[in-house]
Amino acid sequence: MTFSQAVKRNQTFAQLRAEAKTNTHSYMIVSPDTVTSQLFALSLVSLCTGKSEEQIEESADVYFLPQGEKVLISDADFITSQVHIMPTVLDKKYFIVRNAETTNEAAQNKLLKTLEEAPETAVIILLCANEYAMLPTVRSRCRIIRPSAYNDEVVSEVLSGEYGEVDNPSFIVAMADGSLSRLQAAVLGGTEALDIALNLMVYMRKSGEILPYATRLIAKKDRLTEIIDCIELILRDCMVVWYRPEHIKLKGNVMDIRELSSHYTPEAVIRILPHVSRARKRLANAGNVSSVVDQLLFSILEEKAKCQR
């Protein structure tokens with residue numbers, strides 16, 4: 001299965017078909033899954049125009065913004081200056097704005113009137129990972145579409161169809177967590193993050209061992225969020241193996257999970273998981289990496305020890 005085929009199986013795709021039959025000129029596609037949101041935008045234009053996605057990407061009447069990583073006031077100026085110029089090939093002009101949540105307040109205000117009163121010959125599609133980064137006045141002027149996450153079966157089929165054979169496919173699917181963009185990242189990253197997390201969980205047993213493991217994690221700070229995600233996957237499987245072993249996510253590491261479950265009991269997992277979530281949140285808020293790592297590793301050992309007394 002390809003990415004495009006998966007999108008057409010998305011539970012929200014029926015809404016997209018319905019939207020294509022309306023005369024709406026402002027949309028907001030909300031999803032942290034950037035692959036899906038971009039394909040949703042292409043599919044929406046395809047449904048509106050009757051053109052293939054390949055034709056749309058090459059069309060002179062379809063604009064992809066921003067030119068850089070963030071949406072700048074210059075991008076907003078470009079839209080407002082071009083929106084009233086008649087299309088040359090299609091019946092309408094389409095402006096697909098990726099990373100819309102990076103738009104500053106001035107640029108959003110610049111777009112307000114255009115979003116509300118766009119001409120009949122223009123459609124603006126904002127792709128946004130977090131709709132609450134957008135002004136309420138901007139959100140209220142757009143028809144909002146929220147693509148659903150994919151189940152593991154669909155993600156597994158996409159993994160096979162797009163990438164063929166990979167190491168530890170069950171891990172890749174688990175890391176994707178229903179997202180095509182996360183699937184891409186997991187395939188690119190391979191199993192290194194899982195190997196590091198497993199090694200830590202199996203062999204870090206005393207407080208004196210925190211320093212060498214912390215040093216190793218800090219050296220991999222660019223992948224630290226992935227490693228923390230892997231720690232969470234391992235812990236959740238340690239809990240599942242006690243009650244519903246058939247639901248283990250890391251099926252390629254069942255022996256490791258069974259061994260770890262004797263040390264990380266359900267009680268220990270319940271106590272450790274909040275620390276994992278806190279570490280992830282601190283990293284997302286640009287917390288000090290050394291402090292985050294030290295506190296997480298110490299908490300893992302402390303909570304595990306409490307539950308083994």
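## Cysteines

A residue counts as buried when its relative accessible area is under 20%. In this predicted model, Cys230 has a relative accessible area of 0% and is therefore buried. Cys128, at 1% relative accessibility, likewise counts as buried.

With a disulfide taken as a pair of cysteine sulfur atoms within 2.5 Å, the count of disulfides is 0. For Cys128, the nearest cysteine sulfur belongs to Cys142 and lies 9.5 Å away, so Cys128 is in no disulfide under the 2.5 Å limit. Cys230 is also in no disulfide, the nearest cysteine sulfur being that of Cys238, 13 Å away.

## Helix α9

The buried residues are Ser170, Phe171, Ile172, Val173, Ala174, Met175 and Ala176. They pack against four helices: α8 (152–163), α10 (180–189), α11 and α13 (224–243).

Asp177 follows α9 and has a positive phi, near 50°.

## Packing of α11 and α14

Helix α11 (residues 192–203), one of the helices that the buried residues of α9 pack against, also packs with helix α14 (residues 254–261). The angle between α11 and α14 is about 30°, and their axes are 10 Å apart. Angles under 35 degrees count as roughly parallel, and α11 and α14 are therefore roughly parallel to each other. Their crossing is left-handed.

On the α11 side, Leu198, Met201 and Val202 take part in the contact, meeting Asp256, Glu259 and Leu260 of α14. By class, this contact has 4 nonpolar and 2 charged residues, with no polar ones.

Conventions
Residues numbered from 1 in each chain as written. Predicted model: local features only at pLDDT ≥ 70, side-chain atom pairs only at ≥ 80, totals over all residues. Heavy atoms only, no water. Axes fitted to C-alpha atoms, helices over the stretch in contact; angles between N-to-C directions. Helix = DSSP H or I, 4+ residues; strand = E, 2+ residues; numbered from the N terminus. Parallel < 35°, antiparallel > 145°, perpendicular 65-115°, else oblique. Left-handed = near helix turned anticlockwise from the far one by under 90°. Contact = heavy atoms within 4.5 Å. Nonpolar A, V, L, I, M, F, W, Y, C, P; charged D, E, K, R; others polar. Buried < 20%, exposed > 50% of the residue type's maximum accessible area, 1.4 Å probe, protein only.
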